[in-house]
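Here is a friendly walk through the structure shown below. Keep the viewer open as you read.

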Amino acid sequence: MDRMFAPWRIEWVERDAPDEETGCVFCAFEAAEADRENRVVARSDRGLVLLNNYPYNPGHVMVIPARHTGEYAGLSDEELLDHARLKRRTFRAMETAFSPDGFNAGYNLGRGAGGSIDDHLHAHVVPRWEGDTNFMPVIGETKVIVQALEETYDRLYDAFGGLDGAEASDDGAVRFG
């Protein structure tokens, strides 16, 4: 396997400080106030949208309910509705920001599903473009991400900010009531 060096990513790697009570990094992001620094791009009353630390494509985010649970069926009706609305807003923001040809969206539920964080439910939303995969991941076992996370954040932040009901802030995530 080839190695690619990305020393600018060390700040992102080292900022993952789990919540003291739950030991969960998603709970720490929910409680933190430095949304831009943590790459929390949008918030609702019961959830948040976070850029993925290791994106499959530019714009790859996770839509995360605020409450710490790994059980989809354990979400209340209000939490499910808020989560669905936040995902719908995420699709709309991505269409505005990136004009993708499609999306992959889904969950890794339970330890056997292969997710790295299995005790806090989260939906991955990945924008896709026709031809966005090539020989590099297949032959070279290397995925090339063509956009820096900071630029991705700015484009998504602006797109979320243009949606109905959005309240933008200078350093925080776009908020939806």
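Tyr153 is buried, at 3% relative accessibility; buried here means under 20% relative accessible area, exposed means over 50%, and partly exposed is in between, with a 1.4 Å probe and protein chains only. Tyr157 is buried as well, with a relative accessible area of 13%. Both tyrosines lie in helix α6, four residues apart, which is about one turn of the helix. Helices (H or I, at least four residues) and strands (E, at least two) are DSSP runs, numbered from the N terminus.

How do the rings of Tyr153 and Tyr157 pair? They are stacked, with 6.0 Å centre to centre and 20° between the planes. Rings of Phe, Tyr and Trp (its six-membered ring) count as a pair if their centres lie within 6.5 Å; planes under 30 degrees apart are stacked, over 60 edge-to-face, and the rest tilted. By this rule there are four aromatic pairs.

## About the model

This is a predicted model, in which local features need pLDDT of at least 70 and side-chain atom pairs count only at pLDDT 80 or more, while totals for chains, interfaces and linings use all residues. Residues are numbered from 1 along each chain as its sequence is written, and side-chain values use heavy atoms, leaving out hydrogens and water.

## The chain overall

The protein chain has six helices and seven strands. Read from the N terminus, its elements follow the order α-α-α-β-β-β-α-β-β-α-α-β-β. Of the 177 residues in the protein chain, 40% are buried. Contact means heavy atoms within 4.5 Å; among contacts between residues at least 6 apart in sequence, 61% join residues at least 24 apart.

## The sheet and its helices

In what order do the seven strands of the open sheet run? The order is β4-β5-β3-β2-β1-β7-β6, with mixed pairing. At the edges are β4 and β6, each of which pairs on one side only. Two strands are taken to pair if DSSP finds at least two bridges between them. In general, strands of a sheet pair through backbone hydrogen bonds, either parallel or antiparallel.

Strand β5 pairs with β3 in the antiparallel sense over three bridges, and Val63 stands opposite Ala123 in β5. With β4 (residues 102-106), β5 pairs in the antiparallel sense over five bridges; here Ala105 stands opposite Val125 in β5. β5 is mostly covered, since five of its six residues are buried.

α4 lies across β1, β2, β3, β4, β5 and β7, running at about 160° to β3. α6 lies across β1, β2, β3, β6 and β7, at about 30° to β1. For these angles, axes are lines fitted to C-alpha atoms, for helices over the stretch in contact, and the values run from 0 to 180 degrees between N-to-C directions.

## The nonpolar cores

A nonpolar core is a set of buried Ala, Val, Leu, Ile, Met, Phe, Trp, Tyr and Cys residues joined through side-chain atoms within 4.5 Å. In the largest one, which has 22 residues, Val41, Val49, Val61, Leu156 and Phe160 touch the most other members. At least two residues of this core come from each of β1 (40-44), β2 (47-51), β3 (61-65), α4 (77-98), β5 (123-128), α6 (149-161) and β7 (174-176). α6 gives the most, with six residues.

Apart from this core lies another, of eleven residues, among them Cys24, Val25, Leu48 and Ala173.

## Cysteines without a bond

How many disulfides does the structure hold? There are zero, a disulfide being a pair of cysteine sulfur atoms within 2.5 Å. Cys24 is in no disulfide, and its nearest cysteine sulfur, in Cys27, is 3.9 Å away. That distance is too far for a bond. Cys24 is buried, at 3% relative accessibility, and Cys27 is buried at 11%.

## An exposed loop residue

Ala168 sits in the loop between β6 (166-167) and β7. Is Ala168 buried or exposed? Ala168 is exposed, with a relative accessible area of 54%. Its C-alpha atom is separated by 9.0 Å from that of Ala42, 126 residues apart along the chain.
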